[in-house]
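Trainee: Could you take me through the salt bridges in this one, slowly? I'd like to see where the partners sit and what surrounds them.

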Amino acid sequence: DEFAITEPTSVEAALKSELKFNLYPNPAKSNCTIDFELESTAKLNMQLKDLQGREVQSKIELNLGAGKHSQQINLSNLRTGLYFLEVQTEKGSFVHKLWVE
């Protein structure tokens, strides 16, 4: 028997899917772009942290209307390594891994 899961399996995955969240390029060098879509006006907070959970860039606070949005993040001051982008919305939050070359 074949078994396939077509729906998101976690609250984080469901929220990423709802936002149509996409971060690219990943791995990134000097900057990356985040694309997402909002169904209605919403507040979003994004924070980039290192593996120890320390904030490595100022928090990005956005208050946006419905529609497609794009946000650039400058990574030129970061060392090579793995980072975590925490995204907080009014509906919940999720973490996305980002590799900086």
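Mentor: Let's go through the salt bridges and then move on to the core and the backbone.

This is a predicted model, where local features need pLDDT of at least 70 and side-chain atom pairs count only at pLDDT 80 or more, while totals for chains, interfaces and linings use all residues. Residues are numbered from 1 along each chain as its sequence is written, and side-chain values use heavy atoms, with hydrogens and water left out.

We call it a salt bridge when a side-chain nitrogen of Lys or Arg is within 4 Å of a carboxyl oxygen of Asp or Glu. By that rule, there are five salt bridges, and we'll look at K91 with E18 to begin with. Their N-to-O distance is 2.6 Å. This pair ties together distant parts of the chain, 73 residues apart: K91 is in the loop between β6 (81–89) and β7 (92–100), and E18 is in helix α1 (residues 11–19). Those element names come from DSSP runs, numbered from the N terminus: helices are H or I with at least four residues, strands are E with at least two. K91 is exposed, with 58% relative accessible area, and E18 is partly exposed at 34%. For those words, buried is under 20% relative accessible area, exposed is over 50%, and partly exposed is in between (1.4 Å probe, protein chains only).

Next, find K29 and E101, whose closest N and O atoms are 3.9 Å apart in another salt bridge. K29 sits in the loop between β1 (22–24) and β2 (31–38), and E101 in the segment after β7, 72 residues apart. K29 is exposed at 58%; E101 is partly exposed at 43%.

Now try K49 and E86, a salt bridge with its closest N and O atoms 3.4 Å apart. Here strand β3 (residues 42–49) supplies K49 and strand β6 supplies E86, 37 residues apart. K49 counts as buried, at 18% relative accessibility, whereas E86 is partly exposed at 23%.

From K49, hop over to I73, which is 24 residues away in sequence and 13 Å away in space, C-alpha to C-alpha. I73 belongs to strand β5 (residues 67–74) and is buried, at 4% relative accessibility. Setting aside neighbours within four places in sequence, its contacts (heavy atoms within 4.5 Å) include C32, I34, I60 and L85.

In soluble globular proteins, nonpolar side chains tend to be buried together. A nonpolar core is a set of buried Ala, Val, Leu, Ile, Met, Phe, Trp, Tyr and Cys residues joined through side-chain atoms within 4.5 Å. The largest one here has 24 residues, and M46, L75 and L85 have the most contacts inside it. Elements giving two or more residues to this core are α1, β2, β3, β4 (60–64), β6 and β7. Beyond four places in sequence, L85 touches residues including F21, L23, M46 and F94.

Last, the backbone. Most residues other than glycine have a negative phi, and most peptide bonds are trans. K20, in the loop between α1 and β1, has a positive phi of about 50° although it is not a glycine. You'll also find a cis peptide bond joining Y24 and P25, omega about -15°, and another from N26 to P27, omega near 15°.
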